Amino acid sequence: MPDQLECFLDESVIQNRVREMALQIREDYGNAHLVLIGVLKGSLFFLADLSRHLGLEVSMDFIQVSSYGMEKSSSGVVQIRKDLDQNIEGKHVLIVEDIVDTGLTLDHLKSLLATRSPKSLKVVSLLSKPEARKFETLVDYLGFEIPNKFVVGYGLDYAERYRNLPYIAILHESA
Ligand code: PRP
């Protein structure tokens with residue numbers, strides 16, 4: 001039997017919220033140059049949509065800090081697979097995440113990037129699962145709090161599948 005996908009956040013709900021978040025960020029940063037740091041691969045579509053609504057002078061860089069691999073739950077070990085290309089010293093940096101689950105990835109990432117002396121360091125995440133949190137970590141701009149279910153779509157995968165769905169769905173695995 002194929003996996004069952006239950007639509008949880010449809011495309012228009014996501015797009016409206018992303019637009020609202022971008023407005024809030026624009027208000028807060030004014031004319032400052034912003035470095036968006038996309039956390040690969042899940043933040044791909046969120047970063048693309050958010051950045052186009054920002055209308056600020058932005059640059060983008062990418063980092064890959066993965067703890068999941070092909071599994072559905074975190075291994076608890078953070079690996080840096082791809083580091084930034086640019087120096088962020090003295091820059092306004094906004095980490096762009098698709099989801100904060102246990103908080104391990106973000107906790108690790110914030111500590112790492114803070115050592116590089118950015119002018120400011122904040123986080124925007126589309127989703128957060130508060131019930132799954134093991135590492136307390138602050139998210140400055142949050143799209144949606146969601147229940148502790150496995151979700152896919154809009155960048156989020158299960159074993160590299162479903163990232164290209166335009167909506168977010170709860171995955172009910174086949175038996
Ligand atoms: C996911 C997600 C976050 C992290 C959140 O990435 O994109 O980066 O897990 O989980 P945590 O709060 O428990 O650390 P993943 O490692 O699955 O890589 P991917 O973005 O390439 O799918």
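The structure is a predicted model, in which local features need pLDDT of at least 70 and side-chain atom pairs count only at pLDDT 80 or more, whereas totals for chains, interfaces and linings use all residues. Residues are numbered from 1 along each chain as its sequence is written, and side-chain values use heavy atoms, with hydrogens and water left out.

A polar side-chain atom of Glu97 lies 2.7 Å from an oxygen atom of the ligand, and a backbone N or O atom of Gly42 lies 2.9 Å from an oxygen atom of the ligand. For Lys41, too, a backbone N or O atom is found 2.9 Å from an oxygen atom of the ligand. On its own the ligand has 490 Å² of accessible area, of which the protein covers 94%, as computed by the Shrake-Rupley method with a 1.4 Å probe. Helices (H or I, at least four residues) and strands (E, at least two) are DSSP runs, numbered from the N terminus.

Lys41 also takes part in a cis peptide bond, which joins it to Leu40 with an omega of about -5°. Lys41 lies in the loop between strand E2 (34-39) and helix H2 (44-54).

Positive phi values in residues other than glycine occur in another loop. Glu160, with phi near 70°, is found in the loop between strand E8 (151-152) and strand E9 (168-172), and Tyr162, whose phi is about 75°, has its place in the loop between E8 and E9. As for accessibility, Glu160 is partly exposed, with a relative accessible area of 38%, while Tyr162 counts as buried at 14%; buried means under 20% relative accessible area, exposed over 50%, and partly exposed in between, with a 1.4 Å probe and protein chains only.

Notes. Polar contact = N/O pair within 3.5 Å; in protein donor to acceptor, adjacent residues only side chain to side chain.
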